[in-house]
Amino acid sequence: MNMQFKDNINYTILSNKIDTNLMTNFLEYQVIEDNVDYEELQEIISNFTKKTIVFKEVFRKLSNSRKKKILDLLKIRKINFINITSNIEEALYSDYIIVFDKELLVMEGSKEGVLKEEKILKRIGFGLPFVVDLSVQLKLYKVLDKVYFDMESLVKDLWN
């Protein structure tokens, strides 16, 4: 399979089996593996000269504050990312999500569109990100009138 990626869009590749077959789609990119620590990651991004960088399970071991700093640094440097992960929570960081069940492409689309497909995600072993699930539940009880994709906005609207 040959995936095409557009500039100025951040992607999440969500897969329950990240293997060499999946990774062959990223041979032309610099792939940062999960064994890199926070300081090394900052240095790599600070010195990165291309438009798009690929992360493979990199965000998993970073604290939320460090993830935010890395995402802010990417934005400042105008570097797009492709985040390959098995963690549904990380899908919130991107604009576009591509979902695989093992080696089979299940769906792809905007973050909002893909995360509306809760039944499909659950069928292949993913739930919804916590903030999305919480806001969906609160919407059912008419506490909220929309689905949220970031906790800050959700909390802010709940307090108002």
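How much space lies in the largest pocket? In this predicted model, the answer is about 880 Å³. A total of 23 residues line the largest pocket, and the closest to its centre are Lys68, Leu71, Leu92, Tyr93 and Asp150. By class, the lining divides into 10 nonpolar, three polar and 10 charged residues. Several elements contribute to this lining: helix 3 (64–76), strand 4 (80–85), helix 6 and helix 7 each supply at least two residues. Helix 3 provides the largest share, with seven residues.

Helix 3, the pocket's main contributor, also packs against helix 2 (residues 38–47), and here the two axes are 10 Å apart at an angle of about 10°. Angles under 35 degrees count as roughly parallel, so helix 2 and helix 3 are roughly parallel to each other. From helix 2, the residues that take part are Tyr38, Glu39, Leu41, Gln42, Ile45 and Ser46, and they meet Arg66, Lys69, Ile70, Leu73 and Leu74 of helix 3. Sorted by class, this contact holds six nonpolar, two polar and three charged residues.

The axes of helix 6 (residues 130–140) and helix 7 (residues 151–159) come within 10 Å of each other and cross at roughly 30°. With the crossing angle at that value, helix 6 and helix 7 are therefore also roughly parallel to each other. The crossing in which helix 6 passes helix 7 is left-handed. Helix 6 brings Phe130, Val131, Leu134, Ser135 and Leu138 to the contact, while helix 7 brings Met151, Leu154 and Leu158. Seven of the residues in this contact are nonpolar and one is polar, with no charged residue among them.

Charged residues number three in the contact of helix 2 with helix 3, whereas the contact of helix 6 with helix 7 has no charged residues. In the lining of the largest pocket, charged residues number 10.

How values were computed
Residues are numbered from 1 along each chain as its sequence is written. This is a predicted model: local features need pLDDT of at least 70, side-chain atom pairs count only at pLDDT 80 or more; totals for chains, interfaces and linings use all residues. Side-chain values use heavy atoms; hydrogens and water are left out. Axes are lines fitted to C-alpha atoms, for helices over the stretch in contact, and angles run from 0 to 180 degrees between N-to-C directions. Helices (H or I, at least four residues) and strands (E, at least two) are DSSP runs, numbered from the N terminus. Angles under 35 degrees count as roughly parallel, over 145 as roughly antiparallel, 65 to 115 as roughly perpendicular and the rest as oblique. A crossing is left-handed if the near helix is turned anticlockwise from the far one by less than a right angle, and right-handed if clockwise. Contact means heavy atoms within 4.5 Å. Ala, Val, Leu, Ile, Met, Phe, Trp, Tyr, Cys and Pro count as nonpolar, Asp, Glu, Lys and Arg as charged, and the others, Gly among them, as polar. On a 1 Å grid over the protein atoms alone, a cavity is a set of points where a 1.4 Å probe fits but cannot get out, and a pocket is an open set with protein on both sides within 12 Å along at least five of seven lines; lining residues have an atom within 4 Å of a point. Grid points are joined across faces, edges and corners, and a volume is the space filled by probe spheres set on the points.
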